[in-house]
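Here are my notes on the model you sent over. Have it open while you read, and go through the points in order.

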Amino acid sequence: MTALLRTEGVMKAYGGVQALNGATIVVEEGTVAGLIGPNGSGKTTLFNVITGYERPDSGEVWFGDRAITGLSPDKVFAAGIGRTFQLTRIFARLTVLENMLVAAQAKDKPKNLLSWFGRDAWTHHRRHALELLEFVGIERHADVLAGSLSYGQRKLLELAYVLVADPAVILLDEPAGGVNPTLINLIADRIRLLNTQQGKTFLLVEHNMEFVMGLCSTITVLESGADVVSGPPDIVRTDKRVLDAYLGVDLEEDPR
Amino acid sequence: MGRELALAIVDGILVGGVYALMAVGLTLIFGVLDIINIAQGVLVILGAYLSYSLYTKAHIDLFVGLLITIPAMFVIGVFIHWAFIRRLRGTERTSMTLLVTYAVALIIEGILFKIYGADNIQISTSYTNSSVDVAGIYVGWIYIWGFVLALALVAFVYALLYRTKFGRSVRATMQDETAARLVGIDVNRVAALTFGIGVAVTAAGGMVFGATNAFNANSGYDLISRLLSIIILGGMGSVGGALGASLFMLTLESVVTIWQPNWAVLVYYAALVIVLLYRPAGLFGRKAVRAQ
Amino acid sequence: MSKESRLDNGLARPEKALKGGGLLVLAVVAVLFPQFTSDPAVTNYGVLALIYITAATAWNIFSGNTGYISLGQAVFFGSGAYAMGIAARDWHLNGDIVFALLPLCGAVGALIAVPFGLIALRVRRHTFIVITIAMFFIFQLMAFNFSFTGGSSGLQSPFLNWPAATYNTPFYYIGLAYAAGSIVIAWLVRRSRFGLQLRAIRDDEDRARGLGVKTMRVKLAAFTMSGAITAMIGAVWFFYLNQVEPQTGFDPIFDLTLVLMAFLGGYGSISGPVLGALIIEPLTLWLNTQPAFNGGGLSQILLGAVFLIVVLFMPRGIIPTGGEIITKLRMRGRPAVIPTTTMGPVASAPTISSGGAR
């Protein structure tokens, strides 16, 4: 299996805070990888660096055999890496369908002036968008203003969004956060489907241990901006360093 | 020629100090409340008219009159915030408040027109026209006193910001409103008081402006354009930047006036364009990542 | 609703027919209006209203869609007026042929819009507003100080050998053509992919850029369109009133009035500016004929006060706000809608609101 996405020694500081301190992670192609760690360990920052929303102070980001360190977000997106946001960023005053269309159309260059204004170009974009909305289960809200969706529905919209460009790698920032259990199952189900049927590679940041352990084949633990452990769930779950990172307690010396 | 230049520079610095006063108020309001108070220009004119009326009707000296006009303008500022600005929320708050303050400016301008008419006036007292000889250059006394006043008030604002508990709350709110709320700062009160202070300083600026320029209710437009350019140049939200930019721009304008009096005011816009082309955040501006 | 009907973005048939019918009636009335009255004082209202409808619609094409509020449309309006005046004077044109200069004025507007936009559109929204204000003052200053603009006395328009009784009528129809044209353009922009990108920029510009939208290009295109149309209608206005001076061609009240019209009628919608202009312009004209209003400052107070009321209490316009109030009254007591799902144990039960997301 080839490493599709990889970071090497990424460093990023904000003022006096070292958010990332030599973060090195590897995501194999075709896997669902998880990134966990206590709050403030740098997970979202690492996401931002990978997807171009932040520039690292040093270190590299590789997509296949291509260095994408420091590329702007739209170039990263165009390269085939999609990303959702923890605090969902949607176009609140556009309808759900229109939200999808912005993403769908942006990657198609207009053929001529007419297609800028015409509606014909829309039809296949609309079809594609509606299919994706159906896939995540919010198709019936297509004409609703995105701003009036519930949080869970927005997460589904974000997922549909990220699928529009048919990316090879999808970065999910807390896909299960703040969502009810039935929805969590749906999301996990969809991820599994996309992974097994379409071979998409996933990297997710999550706090929900059950979700991560049940879905991911590889898990990397981040602590204080550096990777601490990496491996299959069973190994990671029982690794002492992981427990220390989360609990901050030396269990061997604790009589209880 | 050298003398003209020297005079222009001195003039520029002196007047710059006074403009600094008005600009500091404007930039403070932006830094804390994230709003651009377009009414600042016409509020200066209001201050000028107040000083004028106090002097001509009640024979109260201009500087003494500040003891009345500064608190009065403070109250007006707090009122404007309470009545019109406080209720604006949402993602387009900054743009909306700009429109609101523009509307308030219009109303104040209209009221001033109604009360004072359209004629240009200038505050004239026994000392506004006298000057002192400094190394061969004649400098108006009013300019010197105005500069001293401006320095004193800017120093006062600085002291307020950096040495008092209230000032700390203001600075905290400027940096991160949510964090400030979390530590128990009453952000609304800070906002209202800051707006009041930002407007109160216009009383002093207005008095000096009125004593050194012919003005009428329409003069607010020209003022606010300069002030806006100054705070953008100095970095919106930066008090030190407002001071520096005021001194610089007024001196620049003063020097350019020697050659091209008609176009001198263009320097503001030219400087603005140049700065914005290279540093969209202004020279000292915070690279604020706020959502708009 | 089936997928196919959504592909059509369909309104139900009867609604469409009603809308179409209403528009037709409106169009007929607009076209026949001058035939019903021969009083120039009345048609004057019509001409000026149409000029403002055009300008407000043009404003909305850019500002309404992108959320970048421009307080500098007067730059284009006045430039168009001056361009017309300068060209007519220097090329010694008189009479009807001067109307052929209108496209030139549009080009002037576009030419100004490009560098203007390249500077102004790189900054954030509130700084953008300030720059439009600054630009406005620059242009007013230039009009005052340059000799080719006639300085403070301004320019006179070329002579038209038309009878006084029907003088207004051709201007009315030109105004109508421009108003209709700009409304059509606004509508085309709205339903196009271009318009979608503009509105996405309004909601979350960074996200739009991250998705690959060429934000600068898109904004600049809309800005230029808006500027070109405004310049042309400014030229018409100049021709109609026979003169332009720096303070009338570049009038801050003009900009504020446009914004007020757009907000009053419904910010961001197509009918909004039209409605706003239809309400405010005749009102303004009528007020100016009342003696109490002449130069006393009352007009500023009133404009400011109305502005405050609109922005503070009905920022989305009189119709949407009215509609909201009616909807709220209707929705009282209705239970939340719980849809049946087609895919097993899914999702929370959402309440579907079809419009007016806060």
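1. Strands β4(A) and β5 (residues 66-67) of chain A run antiparallel, joined by two bridges. Between the strands of this hairpin there are two residues, and A:G64 has a positive phi near 65 degrees.

2. A word on the basis. This is a predicted model, in which local features need pLDDT of at least 70 and side-chain atom pairs count only at pLDDT 80 or more, while totals for chains, interfaces and linings use all residues. Residues are numbered from 1 along each chain as its sequence is written, with chains lettered from A and ligands numbered from 1 in the order in which they are written.

3. β4 (residues 58-63) of chain A also pairs with β1 (residues 3-14) of chain A, antiparallel over five bridges. In that pairing, A:T7 has A:V61 as its bridge partner.

4. Now the open sheet in chain A: six strands, ordered β6-β7-β8-β3-β9-β10, with mixed pairing. β6 (81-83) and β10 (226-231) of chain A are the edge strands with a single partner each, so one side of each has no neighbour in the sheet. On average, neighbouring strands here are turned by 20 degrees against each other, direction ignored.

5. Within that sheet, β7 (residues 169-173) and β8 (residues 201-205) of chain A pair in parallel over five bridges. A:L171 is placed opposite A:L203 in β8(A).

6. What lies across these strands? Helix α1 (residues 43-50) of chain A lies across β3 (32-36), β6, β7, β8 and β9 (218-223) of chain A, at about 145 degrees to β7(A). Angles run from 0 to 180 degrees between N-to-C directions, with axes fitted to C-alpha atoms, for helices over the stretch in contact.

7. Chain A is assigned domain 1 (3-90 + 166-247) and domain 2 (92-148), bounds that come from an automatic or database assignment. The C-alpha centres of these two domains of chain A are 28 Å apart.

8. Finally, the contact between chains C and B takes 34 residues from chain C and 37 residues from chain B; contact means C-beta atoms, placed from the backbone, within 7 Å. On the chain C side, α6(C) gives the most, with eleven residues.

Key: Contact = placed C-beta atoms within 7 Å. Helix = DSSP H or I, 4+ residues; strand = E, 2+ residues; numbered from the N terminus. Pairing = 2+ DSSP bridges.
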